[in-house]
Structures are given as structure tokens and as C-alpha cells.
Amino acid sequence: MDYKVNSKEEIYQYVNHVYKNGYNKGLSTGMQWLDKHYTYRKGELDVITGFANIGKTTAIFYIMMLASVKYKWKWLCYCPENEPVGEMIIDLAEMFIGMTADKSKSERMDRQIFDAACDWVMEHFKIVSFPNTPTIYDVMDSFQTQIDEGNFDGCYVDPMNDLAINRSMSKYDYYYQVLSDIRRFKQRNFVKFILVTHAVTKAAREKNDDGTVPAPSHYDVEMGGMFANRTDNFLVIHRNPNSENWSETQIHVRKIKFQKLVGIPTQDDEPVILKFEPRLCRFKSLNKQRMVWEDVLEQNTMDFIEANKAKIQPEIFSENNLPF
């Protein structure tokens, strides 16, 4: 196998660049509390886990959307458990605007704003689908084709457990190889790679003294120790739907590999909290300095709607004056 030894000149070039220009540190998420523990940094692999049906995907999409709003990041996504694709686009458009598109609701966004929001979402989120269950390599090949044709900043696979595997290898060897190949992929293409995997059933059976379920650890996934060791960042999304704090989503940052560049892990009893607002179709985050819940997308929404107001046409007919 070919190998190389880095020359002194190559090493000096790197260290001098860092000394002169600084480190390539993570970018702010826009959420003050989360930034202490996790920031956006391309070229890294994030593994995220959590129990089923606790809003894990919604929280991840929100974090991804903030990167798209703040830095114009574009994402490639494979998330079959959330198909049809059109439903995902609607959910993201509602999250982007902070209003529902549901016809049965009295307060919903105007059609022109909805169309503009969907256009924005489809510009920043490209979703791939397959007629049959693919392997991770099929997904990465489709991502590579898209990257070769255009600029993308991140890749998202949700969940890892849905993908077909090579049964001629042991699961441990297979996943070890997969994680190695994903690491090469994200480095080669300089993209953030987010990989979601389900927590094991055993972890969901544990209970706190008050009857709530504790958040899983980074070892509570299939081949847990290996996933924890092979990733750059490991996050847990958790919520207790049956508790009085059912609207609060916890983000436990279990591992950060490059802590001086990205953030530091959260303490077990001090996760970052997001509060989901059904009326806004998105989260608010706590500003600890002001002790208020903030909608960090509010100003962006106002600016977007204002910029698209000219496209909104007045209603010609009312329900009491129909054209027939």
C-alpha cells in the first residue's frame, strides 16, 4: 500500500497558516447556549441518536436550516422514513416561515409566500430517493454525483438502520468499514456529514425516579462504542412526551473531538434545551443571559416576507361573492 511521510516544508506550511490566519473554527448556530457546546464545522462527521417518535428529525432539520439561513449552506439528504418528499418540503417551508400551510388552520401563510418558501427550501435541501433499499455506498454515490455537478456543504442520512448491509461481513466489520469510508468521503468533499442511528431498545426501558426515560448515551446505539469512537461529534436528541415539559427538546452533546474548535460536551444534567412552538412550526432557544426564549429565525422571516410582499396578489373573490 502506498504511503507518504509529510515533509518539514508541508508541515511548516500548515502551522504557519494556522499561526497567521487562525484555526478553522466552527461557525455559530445562532443559538447562544448551543454554541458553547456545538458549532458548524465542515469536514466533520456527526452521529446523532435518540429514541423513535420524539421529534429527532425535526430538531436536526432545524439545526440544518439555521446553517442554510446564516451561511447559505446546501444539503444533500436521504431520509426515507420521512417520505413522501413533498411532505418534507412542506415541513421545512413551514419551519422557514414560522407559519403553517395547513388549509384547516385559520392562520396560514399566503400562497405566494408558501411558493417562495418552497423554492427557498428546494434550493437549499436536495433529497434523494431510491426505488429499493440502498446501501450507504449507493447513497454516497448519489451524493457524489450531485456534489460533482454543484456546490453542497453538508450530507444527511437518516437513519443508518434503514440501509441495506453487506451480510457477507460481520456487522462490526461492516460498520467499521462504512464509518471509515464516510470519513474519507467527508474529508475528500469537505462537507459536514450527519448520520442518524436509532438507540437500542434496552435504553428505552430504563426509567428515572419520576418515571421519565433518561436520554441515551453515545454507547446506547448498535455497535455503540465503535460509533462513538469513529465520529467527530456525537449528539443525542431527547424528549419526554409524557412529562410536564413535553414541548422541550434536549440536546445532549456527548462527544466533541476538536473541542477548542467546535465546543465542549454538555454535562449529563445540563443539556441544551429547545422549546417547540406549534404555532411557529419551529423551535425557540433559551438566551441564558436575558432568560428569555428566542425565535432566532424571526428577523429572517420578517425580511423574507417583506421581500416577497410584492408578489402577493389581493383576493379577487370572497366566499360570499363567488364567480358562479
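What kind of contact do the side chains of arginine 41 and glutamate 44 meet in? They meet in a salt bridge, at 2.9 Å from N to O. Here a salt bridge is a side-chain nitrogen of Lys or Arg within 4 Å of a carboxyl oxygen of Asp or Glu.

Before going on, a word on what you're looking at. This is a predicted model, where local features need pLDDT of at least 70 and side-chain atom pairs count only at pLDDT 80 or more, while totals for chains, interfaces and linings use all residues. Residues are numbered from 1 along each chain as its sequence is written, and side-chain values use heavy atoms, with hydrogens and water left out.

**Salt bridges**

The structure has 11 salt bridges. Glutamate 44 also pairs with lysine 192, at 3.9 Å from N to O. That pair ties together distant parts of the chain: lysine 192 sits in strand β5 (residues 192-198) and glutamate 44 in the loop between α2 (32-35) and β1 (45-50), 148 residues apart. Helices (H or I, at least four residues) and strands (E, at least two) are DSSP runs, numbered from the N terminus. Arginine 41 and glutamate 44 are both buried, and lysine 192 is buried as well. For burial, the cut-offs are under 20% relative accessible area for buried, over 50% for exposed, and partly exposed in between (1.4 Å probe, protein chains only). Arg41, Glu44 and Lys192 join Asp46 in a network of salt bridges.

Arginine 111 and aspartate 115 form a salt bridge at 2.9 Å, N to O. Both lie in helix α5 (residues 111-124), 4 residues apart, or about one turn of the helix. Arginine 111 counts as exposed because its relative accessibility is 57%, whereas aspartate 115, at 33%, is partly exposed.

| Salt bridge | N to O distance |
|---|---|
| Arginine 41 and glutamate 44 | 2.9 Å |
| Lysine 192 and glutamate 44 | 3.9 Å |
| Arginine 111 and aspartate 115 | 2.9 Å |

**Pocket and cavity**

Both terms come from a 1 Å grid over the protein atoms alone: a cavity is a set of points where a 1.4 Å probe fits but cannot get out, a pocket is an open set with protein on both sides within 12 Å along at least five of seven lines, and lining residues have an atom within 4 Å of a point.

The largest pocket holds about 250 Å³ of space. Its lining includes Thr57, Phe61, Asp91 and Phe276. Helices α3 (56-71) and α4 (85-97) each supply at least two lining residues, and α4 gives the most, with 6. By class, the pocket lining has 6 nonpolar, 3 polar and 3 charged residues.

There is 1 cavity of 30 Å³ or more, and the largest cavity has about 80 Å³ of space. Asp46, from the salt-bridge network, is one of its lining residues, along with others including Trp75 and Leu235. β1 and α3 each bring at least two residues to this lining, with α3 giving the most, at 3 residues. The cavity lining is made up of 9 nonpolar, no polar and 1 charged residues.

**A surface patch**

Ile11, Tyr12, Tyr14, Val15 and Tyr23 make a nonpolar surface patch of about 550 Å². Patch residues have over 30% relative accessible area and no salt bridge, with nonpolar side chains joined within 5 Å and like charges within 9 Å. Tyrosine 23 is in the loop between α1 (8-21) and α2, and counts as partly exposed because its relative accessibility is 42%.

Definitions and conventions:
Grid points are joined across faces, edges and corners, and a volume is the space filled by probe spheres set on the points. Ala, Val, Leu, Ile, Met, Phe, Trp, Tyr, Cys and Pro count as nonpolar, Asp, Glu, Lys and Arg as charged, and the others, Gly among them, as polar. Accessible areas come from the Shrake-Rupley method with a 1.4 Å probe; for residues, only the protein chains shown count as cover.
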